[in-house]
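These are my notebook entries on a structure that I had not examined before. I began with the order of its elements and then turned to packing and overall form.

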Amino acid sequence: MAKSNRVLVVSPDPGLVNQVRGSLTSVQVDDVSDASNAEEAMEICGRDNPRLVIAEVDLPGITGQELCRRLKGLAFPPVVALIFRHGDATGPEQCSRAGADTSAGRPFQGLEFIEKLRDVITSPAFNLPSAV
């Protein structure tokens with residue numbers, strides 16, 4: 001098994017994808033791909049085995065929470081960060097119940113998201129060998 005630091009961003013919103021890519025660049029992660037929905041994300045995960053999946057909760061079709069549950073059922077599950085709408089009082093709890101390793105409200109508040117990403121990429125779970 002090889003170590004991989006691939007990251008997959010799942011959102012139908014190109015603006016959010018670009019914003020997350022910029023945040024990942026600031027924490028020295030540049031192997032980033034994207035998907036616009038959960039079905040496409042599962043296909044990419046089956047092929048590329050990213051170590052981190054950052055998904056919007058409000059995805060078309062399968063929700064981000066359901067995507068998280070499915071990803072956590074894989075033989076080599078990735079670290080999962082879910083993004084919910086800022087101000088959603090139940091967002092963090094719902095993300096946690098779905099199995100997310102971390103979550104953040106959108107729009108991002110200051111450097112909060114970058115700090116969460118930094119915590120994730122330095123965590124033991126992110127740095128485990130992958131199936132690739």
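I first read along the sequence and noted the pattern β-α-β-α-β-α-β-α-β-α. I recorded five helices and five strands for the protein. I note here that the model is predicted.

Next I looked up helix α5, which spans residues 112-121. Which of its residues are buried? I listed F113, I114, L117, V120 and I121. Looking down the axis of α5, I found these buried residues within an arc of 120°, so they line one face of the helix. I recalled the general rule: an α-helix has 3.6 residues a turn, so residues three or four places apart point the same way.

I then asked what the buried residues of α5 pack against. My entry names one helix, α1 (14-26), together with the strands β3 (52-56), β4 (79-85) and β5 (102-106).

I turned to contacts across the protein. Among those between residues at least 6 apart in sequence, I found that 66% join residues at least 24 apart.

The C-alpha atoms fill a box of roughly 40 × 30 × 25 Å along the principal axes.

Buried residues account for 45% of the 132 residues. The accessible surface is about 6,400 Å², and 51% of that belongs to carbon and sulfur atoms.

Methods:
Residues are numbered from 1 along each chain as its sequence is written. This is a predicted model: local features need pLDDT of at least 70, side-chain atom pairs count only at pLDDT 80 or more; totals for chains, interfaces and linings use all residues. Side-chain values use heavy atoms; hydrogens and water are left out. Buried means under 20% relative accessible area, exposed over 50%, partly exposed in between (1.4 Å probe, protein chains only). Helices (H or I, at least four residues) and strands (E, at least two) are DSSP runs, numbered from the N terminus. The arc is that of the directions from the helix axis to the C-beta atoms. Contact means heavy atoms within 4.5 Å. Accessible areas come from the Shrake-Rupley method with a 1.4 Å probe; for residues, only the protein chains shown count as cover.
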